[in-house]
Amino acid sequence: MAQVTLNNIRKVYPNGNEAVEPLSFSIADGEFVVLVGPSGCGKSTLLRMVAGLEDISEGTLSIGDSNVNHVDPAERDIAMVFQNYALYPHMTVRKNIGYGLKNRKIPAAEIEKKVQEAAKMLNLTEYLERKPSQLSGGQRQRVAMGRAVVRDPALFLFDEPLSNLDAKLRHQMRIEIKALQRRLGVTSIYVTHDQVEAMTMADRIIVLNAGRIEQIGTPAEIYHRPASTFVASFMGAPPMNLIDAQVKDGRVVIDGDTPVADAQGTGAVTMGIRPEDVEIGPTCDMPFTIDIVEELGAHRLLHGKLAGQDFTIHIGKDVAAVAGPIRISINPDAVVLFDAETGVAL
Amino acid sequence: MKRAGFTTRWLPMLLLLPQLAVIIVFFYWPAAQAVQSSFYLEDPFGFGSTFVGLDNYTYLAQSTEYAKIARFTLVFTILVTFFSLALALLLAVKADKVIRGAKSYRTLLMWVYAVAPPVAGFIGLLMFNQSWGPLTELAKSFGWDFTLGVNATDTAAAMVLVSVWKQVPVNFIFFLSGLQSIPKSVREAALIDCASAIRRFWDVTFPLLAPTGFFLLIINITYALFDTFGIVDTLVKGEPGNNPMTLVYKVYVDGFRGNDLGGSSAQSVVLMVLVLALTVVQFRLVERRIHYT
């Protein structure tokens, strides 16, 4: 168990491609941090640098109190769970889980005890003699988890561990991994491109885009107070509505003259509002045209146009809605304003 | 899966005919001839033959010379197979790690594959030339007076060396592709689980190469037994007298030099049985042994 510190870590490939721009952050002991971002944002590269599978071009990395820049992966006291499980196909589940311990000169009796414990924790006891090819996807994922858990490392690294599983299993494993991490209290870095995984599992989320950190924050901060239009549109399904607006006389206005919220300054801005922070009803102050009603059972999504711009509204299952004109009002406290040019939150 | 079929029965047979004809004329017919003539004593000048039953075989079984050649062939096969597999594996593992200029290295290592066995043998002759061969000189610098074609052990060493050199590229290609088919993440998992590169090789890489290795083992045994004919022939320069030879070369020497077609045929039949056994082993053992998904 340990604190992890990245100080101006940078990755440049020999062809000059800068995969990760110099970035710094630290992870507290026992914290679960999720790195999230689209494909090619550098999240996996960053994780692999922490693991020691990629060289660090610049900057320093420390796990616990020691600098590990030039320490072999096996000596970093980390355990990693890979996207495609990366089990040893020729070894039984028992040997797969115990292999890392065996190489660390731990007595056979103790390995057996730890493997049994891990297997029990992950419901793998009856599969210990099987080879990975005889297991289902979810079971293989558990073996990969077991291999990490049994080591009792200072740091867990997860590289999109659930992306090869089907939706139902993914949901179940998400909860299992989170519960396991809570119980063991091991510092963890988890890489995913799935914003739902990021939101549900993280103590803290780091949103990456094009090798840069867009925002670091708790899931609630990231969701409600996105630092940029990129974060606003990447996190949340459906994403935050982003609307071109003007600031006039200390107020935000869209198209017409209806003030939406208070603001300082003047000029063009991008206004962000989550679909659920919009109310509908005959007494509301703005006209809205519903094009499509998306029925999701527990709630409905209304897709349409607000002042000629695409806009989505989230309403409860008990609120009726049909395509056509309605009136809406926006919760002024939930409005986030971004610079119209740079997309950075104001 | 949809199975394509022929509407008439004659067309597929017609299409198979050329291939069947080749197999019958060049494989089955000579094989049948060999089995037949192994029961006859052939007149050396071709004036006729006498049926002698199993005499040719009992002669072989009692011949100390044949037993000696069989023993040499066994040792030769083991040495050639072991060294060509081991060297190829070492080269493949090293070449797999090269990042810059990997293609050039690999092409250079595969080059020898294109050399025909007699040419390989001839290159061996040049290298071991008594008066100016560079390898003879090298041996001399270690105090080894290397005399190819005179000293049986020296000739045998040259035979093994040239045969191994000729076979390494084939094994190298297979081992390299075997190595590259091991998932990258499995190797990385091993990197995290085990600090020692040597341990990682024996625990993870080597077992995952085993299917390739088994396949190559059979291929190499067959090579050492049969395909080294050209190398042996060039190196002993048709003067087998004091020189070692393999069982296949002995068939040639007895049949075409000694004109003992009956005895030579009996030896061929023995070899045929050996090939048959190897094939059975390959199909039964190798095809079924360790395959991972």
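Asp77(A) lies in the loop that connects strand S5 (66-67) to strand S6 (78-81) of chain A; helices (H or I, at least four residues) and strands (E, at least two) are DSSP runs, numbered from the N terminus. This is a predicted model, in which local features need pLDDT of at least 70, side-chain atom pairs count only at pLDDT 80 or more, and totals for chains, interfaces and linings use all residues. Residues are numbered from 1 along each chain as its sequence is written, and chains are lettered from A and ligands numbered from 1 in the order in which they are written.

Most residues other than glycine have a negative phi, and most peptide bonds are trans. Asp77(A), not a glycine, has a positive phi, and Glu160(A), also not a glycine, has a positive phi. Glu160(A) sits in the loop between strand S7 (155-159) and helix H5 (167-184) of chain A.

| Residue | Phi | C-beta neighbours inside 10 Å | Class |
|---|---|---|---|
| Asp77(A) | about 60° | 17 | partly exposed |
| Glu160(A) | about 45° | 19 | partly exposed |

A residue is buried if 20 or more other C-beta atoms lie within 10 Å of its own, exposed if 12 or fewer, and partly exposed in between, with C-beta atoms placed from the backbone.

The peptide bond from Ala237(A) to Pro238(A) is cis, with omega near 0°. Pro238(A) belongs to the loop between helix H8 (229-234) and strand S11 (241-248) of chain A.

In chain A, 5 strands form an open sheet in the order S15-S19-S16-S17-S18, with antiparallel pairing. Its edge strands, S15 (278-280) and S18 (309-316), each pair on one side only. Two strands pair if DSSP finds at least two bridges between them. S15(A) pairs with strand S19 (residues 324-330) of chain A over 3 bridges, in the antiparallel sense. Glu279(A) has Ser329(A) in S19(A) as its bridge partner.
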